[in-house]
Amino acid sequence: MIGLLYKEFLIIRSQSKIYLALLVVYGLLGMYTRNSGFLVAMIAMYSLIINLNIFSYDEKNKWMTYALTLPANRSELVKIKYIFSSILTVFMGILILFVQMFISSSTPFAQQALTILVTVLITLVLYALLYPFIFELGVEMARIMMIIVFVLFMLFFIGTLSSMTLSMDLLQLPDPLILIGAILITLCLYIGSMFLSIHIVSKKDYNA
Amino acid sequence: MNSITVSNLTKRYPTFSLNNINLDIESGTVMGLIGENGAGKSTLINCILGLCHPDEGLIDILGDPGSLTLETKQHLGIVLESAMLPDYITMNDTNIMMKHLYQHWHPQQFFDYCERFELPLKQAFSKFSRGMKMKAVLAVALSHDAQILILDEATSGLDPIVRDELLDLLLDFMNTENRAILMSSHITSDLEKVSDTITYIHQGKIIFSAVKDDLIDHYRLVQLTPDQLEQIDPAQLIGLHHGEFNIAALMEIEHILPDYISRKPTLEEIMLYMNRGLKQ
């Protein structure tokens with residue numbers, strides 16, 4: 001599994017310059033406008049773009065077909081996608097948190113961390129919704145679904161959630177139990193989605 | 001001992017079926033798989049590799065019946081025509097990846113093949129030509145002590161020099177005992193060079209599976225005059241071609257008369273004339 005996970009990380013190397021440049025641009029934009037909403041949205045955006053790019057490349061090269069001839073089974077190939085997506089999303093969240101702390105140093109850390117946490121959880125829910133479609137229909141066919149889900153997410157987050165979390169007073173931070181509940185629900189959705197994707201992939205023919 | 005045994009394999013698609021395929025690939029032999037486009041060669045290979053689910057039948061690889069296990073895959077080297085390594089990885093990356101997948105991965109052997117094939121180690125796969133990509137995948141297939149190589153149209157689209165190199169490698173591979181190769185190709189001359197046995201698939205069925213030399217020795221391509229043709233029992237004509245100046249027919253050697261002008265056919269001619277006969 002380590003070899004397969006290594007392959008997923010390689011795409012970051014090939015596209016890192018673009019993402020770093022965008023990070024700098026949005027970071028400066030955030031500093032200028034004193035609004036780190038763009039940066040927070042990048043957690044989902046970057047994470048999704050990178051993962052969808054991997055799926056696109058995989059489809060173009062019929063990677064699944066080739067990978068199944070290696071000592072790897074179908075469930076491993078699915079799990080790798082979910083593991084990589086979660087690692088990438090959490091990493092993006094931590095990175096953006098540090099950048100955000102630099103930009104909005106007046107905002108309490110707890111609020112910033114909460115915003116990032118919520119965004120990471122929403123991104124994982126997005127994956128949970130999208131991945132079974134991608135495994136079943138392919139990236140091209142699932143594109144419409146992706147656009148709808150992503151637009152809804154952006155409207156919801158930028159229009160609603162960012163103003164709510166950023167304006168929250170320290171005394172009004174949610175009960176830790178609510179946070180734990182949200183994390184557990186997200187994990188259940190994510191893992192459930194993974195098992196659904198494994199079921200989909202186990203039935204498919206991957207013809208060369 | 002058989003390296004691969006296929007028993008009563010059937011795979012149904014809406015417009016095509018692979019029907020009741022029985023095949024044995026013995027250890028120490030190279031089997032060439034021939035057939036026209038859409039005959040079922042790739043479907044058969046896909047079923048053997050577990051890429052698609054057969055509707056009926058059993059596949060046994062190295063004594064491991066049923067679904068292909070991870071342990072069995074350790075002993076397989078696969079080269080497929082269109083399924084490849086990702087565009088964004090390099091040969092160095094491939095080595096790292098395969099080191100963690102194969103128990104008997106030999107990095108030095110892999111890099112030796114890269115050098116022999118003149119494959120740059122730090123260049124992304126996307127920049128490789130088709131021939132280079134095939135060589136890269138073959139380098140992977142040959143670098144982990146595989147016992148069986150399975151190649152599906154691996155030489156198609158390659159120039160004659162590269163094809164010749166690949167065929168030499170396959171013959172080198174067979175120098176070690178207890179190895180086997182299953183190779184499908186449209187380029188029957190390639191199969192004539194390396195194969196011990198030939199299996200011809202037509203419309204999802206096996207028409208013949210025989211030792212190559214016996215096959216070629218069993219048939220003759222005969223030039224006939226119209227008078228000679230009239231005297232021959234049609235059942236003896238496996239396939240017929242009315243050319244502009246002559247009539248050519250594929251016949252079994254026991255039906256050849258002394259006054260016939262005949263020669264040994266090539267594998268391609270056997271396939272072409274049989275295909276004509278099947279269509280008539």
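B:Ile198 touches B:Gly32, B:Ile34, B:Leu191, B:Phe208, B:Ser209, B:Ala210, B:Lys212, B:Leu215 and B:Leu267, leaving out residues up to four places away in sequence; contact means heavy atoms within 4.5 Å. The residue is found in strand E9 (residues 197-202) of chain B. Helices (H or I, at least four residues) and strands (E, at least two) are DSSP runs, numbered from the N terminus. B:Ile198 has a relative accessible area of 0% and is therefore buried. Buried stands for under 20% relative accessible area, exposed for over 50%, and partly exposed for values in between, with a 1.4 Å probe and protein chains only. B:Ile198 and B:His144 are 54 residues apart in sequence, and their C-alpha atoms are 27 Å apart in space.

The model is predicted: local features need pLDDT of at least 70, side-chain atom pairs count only at pLDDT 80 or more, and totals for chains, interfaces and linings use all residues. Residues are numbered from 1 along each chain as its sequence is written, chains are lettered from A and ligands numbered from 1 in the order in which they are written, and side-chain values use heavy atoms, with hydrogens and water left out.

**The two chains**

Accessible areas come from the Shrake-Rupley method with a 1.4 Å probe, and for residues only the protein chains shown count as cover.

| Item | Chain A | Chain B |
|---|---|---|
| Secondary structure | six helices, zero strands | ten helices, 14 strands |
| Buried residues | 49% of 208 residues | 53% of 280 residues |
| Accessible surface | about 10000 Å² | about 12400 Å² |
| Carbon and sulfur part of the surface | 76% | 49% |

In chain A, residues 24 or more positions apart account for 84% of the contacts with a separation of 6 or more. In chain B, 69% of the contacts between residues at least 6 apart in sequence join residues at least 24 apart.

The C-alpha trace of chain B spans about 70 × 40 × 35 Å along its principal axes. Chain B has 21 positive and 38 negative side chains, and the centres of the two sets lie 7 Å apart. Lys and Arg count as positive and Asp and Glu as negative, while His and the chain ends are not counted; each charge is placed at NZ of Lys, CZ of Arg, CG of Asp or CD of Glu.

**Strand pairing in chain B**

Strands of a sheet pair through backbone hydrogen bonds, either parallel or antiparallel. Two strands pair here if DSSP finds at least two bridges between them.

An open sheet of four strands in chain B has the order E2-E1-E4-E5, with antiparallel pairing. Strand E2 (17-26) and strand E5 (64-65) of chain B stand at the edges with a single partner strand each, so one side of each has no neighbour in the sheet. Strand E1 (residues 2-12) of chain B pairs with E2(B) in the antiparallel sense over seven bridges, and B:Thr5 stands opposite B:Asp24 in E2(B).

Parallel pairing is found around strand E7 (residues 148-152) of chain B. Strand E6 (residues 76-80) of chain B and E7(B) pair in the parallel sense over five bridges, with B:Asp152 as the bridge partner of B:Leu80. E7(B) also pairs with E8(B) in the parallel sense over five bridges; here B:Met183 is the bridge partner of B:Leu151. In a regular strand the side chains alternate between the two faces of the sheet. In E7(B) both faces are covered, with B:Ile148, B:Ile150 and B:Asp152 buried on one side and B:Leu149 and B:Leu151 buried on the other.

**Backbone angles and a buried glutamate**

B:Asn8, in strand E1 of chain B, has a positive phi near 50° although it is a residue other than glycine. Its relative accessibility is 39%, so B:Asn8 counts as partly exposed. B:Asn178 is not a glycine either and has a positive phi of about 60°. B:Asn178 lies in the loop between helix H6 (160-173) and strand E8 (180-184) of chain B.

A:Glu8 is found in helix H1 (residues 2-33) of chain A and is buried, with a relative accessible area of 2%. Apart from neighbours within four places in sequence, A:Glu8 is in contact with A:Ile54, A:Asp58, A:Ile80, A:Lys81 and A:Phe84. A:Glu8 and A:Tyr82 are 74 residues apart in sequence and 11 Å apart in space, C-alpha to C-alpha.
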